[in-house]
There are 2 protein chains.
Amino acid sequence: MAIFMDRHDLAGTSAEDIAEAHRRDLAVEDRYGVKFLTYWYDQRRGTAFCLIDAPSKEAAIAVHREAHGLIADTLVEVTEGA
Amino acid sequence: MAIFMDRHDLAGTSAEDIAEAHRRDLAVEDRYGVKFLTYWYDQRRGTAFCLIDAPSKEAAIAVHREAHGLIADTLVEVTEGA
């Protein structure tokens, strides 16, 4: 497993829409062995960041694709600092 | 206080350099009423994300400026999701 941070540019999306998309991720993540850990969003700009524990980048993408189709604009594998 | 997520593009920077920059942030953050909560980095691309509790965007930037001069490329106020 590895940790990934993604970023979505979702201008015009409400906090409730983003929360609903996240709930859909949680509903399907087990099928891909993925765990969406948390997310943050900036409602003014429509930027959302997801922190994801996944076996691969492809698995993380597959969850978003199946759950709601909102694929991230960027997705990078990260290491947590101190 | 508010939560901010920033992103640094630090290609060519080692994990140790990033850890040292973070230690310097922690050493000066109290002067600005800021708390650097955690960070993540992608060593291959040199991308680092800091999660910061700060009274203002300017205060968060001031800590990086004084600590090591590595100002973030982007900094957005965020809300933590579920």
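This is a predicted model: local features need pLDDT of at least 70, side-chain atom pairs count only at pLDDT 80 or more; totals for chains, interfaces and linings use all residues.
Colleague: How many residues of chain B are in contact with chain A?

Modeller: Contact here means heavy atoms within 4.5 Å. By that rule, 20 residues of chain A are in contact with chain B, and the number on the side of chain B is 20.

Colleague: How much area do chain B and chain A bury between them?

Modeller: The size of an interface is often given as the accessible area lost when the parts come together. Of the area buried here, 58% lies on carbon and sulfur atoms, and the total for both chains is about 1,900 Å².

Colleague: Which strand supplies the largest share of the side of chain B that touches chain A?

Modeller: The strands β1 (2-9), β2 (35-42), β3 (47-54) and β4 (74-80) of chain B each supply at least two residues of the side that touches chain A. The residues of that side divide into ten nonpolar, four polar and six charged. The largest share, six residues, comes from β4(B).

Colleague: Which residue of β2(B) is the bridge partner of A:Thr79?

Modeller: Strand β4 (residues 74-80) of chain A and β2(B) run antiparallel and are joined by two bridges. In β2(B), the partner of A:Thr79 is B:Tyr41.

Colleague: How many residue pairs are in polar contact between chain B and chain A?

Modeller: Across this interface the rule finds zero salt bridges. For polar contact, counting pairs with both residues at pLDDT 80 or more, the number is six.

How values were computed:
Residues are numbered from 1 along each chain as its sequence is written. Chains are lettered from A and ligands numbered from 1 in the order in which they are written. Side-chain values use heavy atoms; hydrogens and water are left out. Buried area is the accessible area (1.4 Å probe) that two parts lose on being put together, summed over both. A salt bridge is a side-chain nitrogen of Lys or Arg within 4 Å of a carboxyl oxygen of Asp or Glu. A polar contact is a pair of N or O atoms within 3.5 Å; within protein, one must be able to donate a hydrogen and the other to accept it, and residues adjacent in sequence count only if both atoms are side-chain atoms. Helices (H or I, at least four residues) and strands (E, at least two) are DSSP runs, numbered from the N terminus. Ala, Val, Leu, Ile, Met, Phe, Trp, Tyr, Cys and Pro count as nonpolar, Asp, Glu, Lys and Arg as charged, and the others, Gly among them, as polar. Two strands pair if DSSP finds at least two bridges between them.
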